[in-house]
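Q: Got a model to go through. Can we start with the pockets?

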Amino acid sequence: MKKPAKGGASNETDKEHVMNKVMSYSLTAICAVLLAGCAAGPSFQRPAPSDVSGYTPTPVTTNLVPAPTGLGQAQIILKEKRLTKYWWHALGNEKLNMLIMEALKQNPTLVAAEATMRQARELHAARAGSTLYPQVDANLGAQRQRFNPGALGQAGEAREFSLYNASVGVRYTFDLAGGNRRALEALAARSDYQRFQLEGARLALVANIVTTAITQASLKRQIKIVENILNFQEKQLELTRERIRLGHGAPDDELALQTQLEQTRAKLPLLRNQLQQNEHLLAVFVGKAPGRGLLPAFTLEDFDLPLELPLLIPSELVRARPDILAAESLLHAANAEYGVAISKLYPQLNLSADLGTQALTTGALFGAGSAVWSLVGQLIQPLFNPGLPAEKRAALAAFDAAAANYQSVVLEALRNVADVLRALENDSKRLQALAAADSASQRSLESTQRRYRLGAASYNDLVIAQQQRLQTELDLTEGQAKRLVNTVAFYQAMGGGLFDITGNISDVSEAQSSKRMTLR
C-alpha cells in the first residue's frame with residue numbers, strides 16, 4: 001500500500017475549503033437576490049375614484065338658456081371623458097391664442113416650475129445612480145513619512161521613506177429590505193408632484209390670461225358707456241339750469257343732478273385704474289415689464305362663446321385635475337417613505353473590494369510583488385435603536401396627513417366644479433333678464449324719440465331716456481363678460497386638458513385604480 005504523496009492530503013483539504021467558500025458565497029448571493037426582490041412596507045395603490053354621481057344636490061341644467069344679445073347663445077353641457085388640449089381656441093380669438101403661446105414660453109413662474117421639475121428628476125437620477133449600481137473609484141496616492149521602530153518595541157534609528165499606491169475599489173450595498181427602491185419610489189413620486197405642479201401653473205396662467213383679456217374688453221366698453229352717460233347728464237344739467245333761469249325749475253333740481261353727475265364722474269377714474277392695472281397684469285403674465293407695452297387690445301366682439309362644454313364625471317375628474325394628481329403624488333411619496341422607515345429595521349449587507357499596488361518607489365509600483373487587495377463583507381442588523389420605531393411611526397403619521405390632504409383637495413375640487421356649474425346656470429338666466437331689460441330700454445328710447453319729434457316729449461325726457469338706455473347697456477356688458485369668465489372657469493375646473501389625463505404616476509398601473517389604498 002503506497003503512502004500518499006507528500007502534501008497530497010493538504011491539497012485535498014485546500015480544495016475542499018475552497019469549495020466550501022464558493023458554496024457559502026453562492027448561497028449568500030442567492031439569498032441576497034431573493035431578499036432584494038422584496039421591498040419593505042406596503043405597495044402604493046391609487047385612491048379609488050370618487051363614488052358620487054353628481055356635483056350638486058339637485059340636477060344641474062345642461063341646456064343653458066339663451067339671451068337675445070351678443071355672447072348670449074345657448075350653451076349645452078355634455079358629458080365627456082376628456083377635454084380638448086387647447087380649450088381656449090374655442091373662444092375664437094387669434095390674438096389671444098398667440099399671446100398665450102408667448103406666455104407659456106416666457107412666463108417666469110412657469111420657467112421656475114419647469115426648473116424645479118428638472119431638479120426633482122435629476123435628484124431621482126442621482127439617487128438611482130448611487131444605489132442601483134456598484135460604485136467604482138480609482139485612487140492614486142503618494143505619501144512621505146518618518147517611522148520610529150520604538151513604536152513597535154524595536155531598537156534602531158528612525159527611518160524616512162516614501163510610499164506610493166494605486167488602486168481600484170468597488171463598493172455595493174445590497175438592498176435586502178428594499179429601502180433603496182422605496183426611496184427611489186418616493187423621489188419619483190415627488191418628481192410627478194412637480195410635474196403636476198407645473199401643469200397646474202400652466203392651467204392657472206392660461207385661465208388668468210383669458211380672464212384678464214375678457215375683463216380688459218369689458219372695462220373698455222364700460223368706460224365708453226359711462227363717458228356717454230356723463231355726457232347726457234351734463235346736457236340734462238344745462239337744461240335744468242336754463243329752466244331755473246327762466247323760472248320753471250327749483251334750485252334743488254340742479255343740486256340733485258349735480259350730485260348724480262359727480263357720482264358718475266367718480267366712476268371713471270376707478271374704471272380707468274382697473275383697466276390700467278389689468279394691462280399691467282397682462283404684461284407680467286406674458287413675462288414682460290408693464291412699461292414695454294406692445295400688447296394686443298381686446299374687445300368683447302373679439303370673443304366667441306363656446307356652445308358645448310365638456311363635463312367630466314367626478315370619477316374622471318380626479319384623474320384630470322392637476323391639483324388632485326399632485327396631492328396623489330404626495331400620498332404616493334409618503335407611502336414610499338413609510339417603506340423606507342420600515343426597511344431600516346432590517347439587516348443591511350455591504351460589500352467592498354479593493355485591488356491595487358504599493359511600492360516604495362514609483363518605478364516598482366507595478367512590479368512583481370507589489371499587488372495588494374482586500375475583500376470586506378459586512379452585515380449590520382439594528383438590535384437596540386429606539387429612534388427607528390419612532391421614525392416608522394412618524395412616517396405613518398405623515399402618510400395619514402397626506403391621505404387627509406388628498407381628501408381635502410378632492411372635496412375642494414368637487415366644490416369648485418359645483419360652484420362653476422351653478423354660476424353658469426344662474427348667470428345665463430341673469431344675462432337673459434339683462435338682455436330683456438336692454439331691449440325694453442331701447443324701445444322706450446325709440447318711443448321717446450318719436451314723441452320728441454312730434455313735440456309730445458321734452459328734450460329733457462329724451463336725455464333721461466338715453467341715460468336709462470346706457471345704464472342697461474352697462475349692466476348688459478358686465479353680464480356678457482361674466483358669461484365668458486364663467487366658461488373659462490368651467491374649463492379650469494375640469495382640469496384644462498393640458499396633459500394626458502390617464503395620469504401615469506411613477507410606474508403605477510392603471511389596473512390598481514379601482515383598489516383602495518391600504519397599509520398592509
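A: Terms first: a pocket is an open set of points on a 1 Å grid over the protein atoms alone, where a 1.4 Å probe fits, with protein on both sides within 12 Å along at least five of seven lines; lining residues have an atom within 4 Å of a point. This is a predicted model: local features need pLDDT of at least 70, side-chain atom pairs count only at pLDDT 80 or more, and totals for chains, interfaces and linings use all residues. Residues are numbered from 1 along each chain as its sequence is written, and side-chain values use heavy atoms, with hydrogens and water left out.

Q: Which residues lie nearest the centre of the largest pocket?
A: T173, F174, D175, N180 and Q348, out of 25 lining residues.

Q: Which element gives the most to that lining?
A: Strand β3, with 4 residues.

Q: Switching topic. Is S191 buried or exposed?
A: S191 is buried, because its relative accessibility is 9%. Buried means under 20% relative accessible area, exposed over 50%, partly exposed in between (1.4 Å probe, protein chains only).

Q: Where does S191 lie, and what does S191 touch?
A: S191 lies in helix α4, residues 179-245. Leaving out residues up to four places away in sequence, S191 touches A120 and R121. Contact means heavy atoms within 4.5 Å.

Q: And what is the mean pLDDT of the chain?
A: The mean is 85, and 88% of residues reach 70 or more. pLDDT is the predictor's confidence in each residue, from 0 to 100.

Methods
Helices (H or I, at least four residues) and strands (E, at least two) are DSSP runs, numbered from the N terminus.
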